[in-house]
Amino acid sequence: MSDALDATLRLVRAQAALVKRFDASLSGLHGVSLADFTMLLRLGQAPGGRMRRVDLAEALGLTASGVTRGLAPLERIGLVTRETDARDGRVAYAALTDTGHARLTEMLATAEQVAAEIFAAPPWSKKDIGRLSSLLTLLGGTGLPGHTVAP
């Protein structure tokens with residue numbers, strides 16, 4: 001097996017383990033998955049807490065229908081609402097509700113705690129985390145808008 005394939009498979013397994021860990025904490029405490037949290041987080045970072053659905057799909061690397069499927073349960077539980085553009089009824093926005101903003105703050109604290117636990121053992125230095133972040137960026141991984149980690 002080539003080093004490139006080995007590294008790729010390790011990355012896939014690591015990603016699956018991370019998703020499982022985040023899903024367990026977020027679903028247990030807040031009733032949402034990591035995918036739900038990621039969608040809510042992106043909306044929370046957008047001006048006014050809302051984005052055009054097509055822009056949300058692009059930001060998350062999803063299809064428009066994938067975003068629609070992902071937003072539906074969040075709309076049902078009152079975290080997100082659908083808004084139309086006053087000037088163009090064909091344009092649909094996804095917007096965080098007041099409840100969505102409050103719950104996102106709680107979810108963010110949980111996600112920060114999980115992330116801190118992940119990088120606590122084995123001991124990761126700030127430099128190690130920055131290097132990993134830089135390497136993942138080379139693979140097309142994107143972080144939070146306006147957030148950079150020093151290598």
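Biologist: Hi! Which residues of H2 are buried?
Modeller: Leu34, Asp36, Phe37, Met39, Leu40, Leu41, Arg42 and Leu43 are the buried residues of H2. Buried here means under 20% relative accessible area, exposed is over 50%, and partly exposed lies in between, with a 1.4 Å probe and protein chains only. Helices (H or I, at least four residues) and strands (E, at least two) are DSSP runs, numbered from the N terminus.

Biologist: Before I go on, what kind of model is this?
Modeller: This is a predicted model, where local features need pLDDT of at least 70 and side-chain atom pairs count only at pLDDT 80 or more, while totals for chains, interfaces and linings use all residues. Residues are numbered from 1 along each chain as its sequence is written, and side-chain values use heavy atoms, with hydrogens and water left out.

Biologist: Back to H2, then. How far apart are its end C-alpha atoms?
Modeller: They are 16 Å apart, which agrees with the 16 Å that the 12 residues of H2 (residues 34–45) should span at 1.5 Å a residue. The expected span is 1.5 Å times one less than the number of residues.

Biologist: And what does serine 33 reach at the start of H2?
Modeller: A side-chain oxygen of serine 33 comes to within 3.3 Å of the backbone nitrogen of alanine 35. For polar contacts I take N or O atoms within 3.5 Å; within protein, one must be able to donate a hydrogen and the other to accept it, and residues adjacent in sequence count only if both atoms are side-chain atoms.

Biologist: Nice. Can we zoom out? How many helices and strands are there in the protein?
Modeller: The protein has 6 helices and 3 strands, in the order α-α-β-α-α-β-β-α-α along the sequence. Its C-alpha atoms fill a box of roughly 55 × 30 × 30 Å along the principal axes. Of the 151 residues, 27% are buried.

Biologist: Now charges. How many salt bridges does a search of the whole structure find?
Modeller: It finds 6, taking a side-chain nitrogen of Lys or Arg within 4 Å of a carboxyl oxygen of Asp or Glu. One of them joins glutamate 83 and arginine 50 at 2.7 Å, N to O. That pair links distant parts of the chain: glutamate 83 is in strand E2 (residues 80–84) and arginine 50 in strand E1 (residues 50–52), 33 residues apart.

Biologist: What about aspartate 88, which residue does it pair with?
Modeller: Aspartate 88 forms a salt bridge with arginine 90, the closest N and O atoms being 3.0 Å apart. Aspartate 88 is partly exposed at 23%, whereas arginine 90 counts as exposed at 75%.

Biologist: Switching topic: how do the axes of H1 and H5 cross?
Modeller: Helix H1 (residues 3–30) and helix H5 (residues 98–118) have axes that come within 10 Å and cross at roughly 140°. The axes are lines fitted to C-alpha atoms, for helices over the stretch in contact, and angles run from 0 to 180 degrees between N-to-C directions. The crossing is right-handed, meaning that the near helix is turned clockwise from the far one by less than a right angle, with anticlockwise being left-handed.

Biologist: Where does histidine 30 sit, and which side chain does it join in a polar contact?
Modeller: Histidine 30 is in helix H1 and is buried, with a relative accessible area of 11%. Its side chain makes a polar contact of 2.6 Å with that of threonine 110. Leaving aside neighbours within four places in sequence, histidine 30 is in contact (heavy atoms within 4.5 Å) with Ser25, Arg103, Glu106, Met107 and Thr110.

Biologist: Last one: what do the buried residues of H4 pack against?
Modeller: They pack against H2, helix H3 (53–60), E2 and E3. The buried residues in H4 are Gly66, Val67, Gly70, Leu71 and Leu74. H4 is followed by glycine 78, with a positive phi near 80°. Glycine 78 is also among the residues that threonine 97 touches, not counting those up to four places away in sequence.
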